[in-house]
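The sequence and structure come first.

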Amino acid sequence: MENQNVNARSEARDGARREQTWKLNVQGVVIESRSPQIVVRDALKLAGFDPDAGWIIVLKVAGEPRKEVELNATIDLTHPGVEKLRLTPRQINNGEVATPRRHDFALLPQDEVHLDRLSLRWETIVDGARRWLLLHSYPLPQGYTVAATDIAIEVPVSYPGAQLDMFYCHPHLALANGQPIPQVQCIESVTGLGFQRWSRHRPWDSARDNVGTHLALVDESLRREVER
């Protein structure tokens, strides 16, 4: 159900009675609500998760940047594109030594706040004369042969005056149905690894756009290929 729009209104008939419910995917469990609005805590309970277990809770809405939400937040299930809540344990201790994060250059403050809220491991790396933002183990919608990929985004020195354009994936992505993905044939070397270039573009407004809005392009581009 990941990345699938499950914010669909369902209707049930019970004799003359007509009842409406709204659906939400909570970490793979689809729940139904009789109200078009639901509190995050209640959604987790309905899905069978302990809301006090220490989760990082991320709301995913199609075409919008992911955002972390609190337990007392209310989700409007009538909002177009509401897809799912993703849960990540706030503390993960598997005994391994954490890999130090490279931070070769600073992003905009709002970019770094946004990335930290995604609960993904990210780095900024200078490779030769080029600057890259790397997002590790970026989750993919169902329909690809892998569940996650590393994503690289080139960050020009004059960003945000200069735009963020396209994105790059390693390992290379392929559709599970075997259909080809257009405009991904070029390979770019980033830290010695061959990243698959996704040639996807959009108008850029330096006063409005940033890493968060560019990741919305990434998400939409990945979703479109599995829904074609």
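A salt bridge here is a side-chain nitrogen of Lys or Arg within 4 Å of a carboxyl oxygen of Asp or Glu.

Glu225 also forms a salt bridge with Arg200, the closest N and O atoms being 3.3 Å apart. This pair links distant parts of the chain, 25 residues apart: Glu225 is in helix 3, and Arg200 is in the loop between strand 14 and helix 3. Both Glu225 and Arg200 are buried. Helices (H or I, at least four residues) and strands (E, at least two) are DSSP runs numbered from the N terminus.

## Basis of the model

The model is predicted: local features need pLDDT of at least 70 and side-chain atom pairs count only at pLDDT 80 or more, while totals for chains, interfaces and linings use all residues. Residues are numbered from 1 along each chain as its sequence is written, and side-chain values use heavy atoms, with hydrogens and water left out.

## Helix 2

The buried residues of helix 2 (residues 109–117) include Asp111, Glu112, His114 and Leu115. They lie on the same side of the helix because they cover an arc of only 160° around its axis, taken from the directions from the helix axis to the C-beta atoms. Their cover includes strand 9 (122–127), strand 10 (130–139) and helix 3.

Arg101 lies in the loop between strand 8 (82–89) and helix 2, so the pair ties together parts that are 15 residues apart in sequence. Arg101 is partly exposed at 41%, and Asp116 is partly exposed at 48%.

## Two loop residues

Asn210, in the loop between strand 14 (193–198) and helix 3 (211–227), is buried at 17% relative accessibility. Its contacts (heavy atoms within 4.5 Å) include Asp111, Tyr159 and Trp204.

Gln183 is in the loop between strand 12 (167–170) and strand 13 (187–190) and is partly exposed at 48%. Gln183 and Arg197 are 14 residues apart in sequence, with their C-alpha atoms 7.9 Å apart.

Conventions
Buried means under 20% relative accessible area, exposed over 50%, partly exposed in between (1.4 Å probe, protein chains only). Lists of a residue's contacts leave out its neighbours within four places in sequence.
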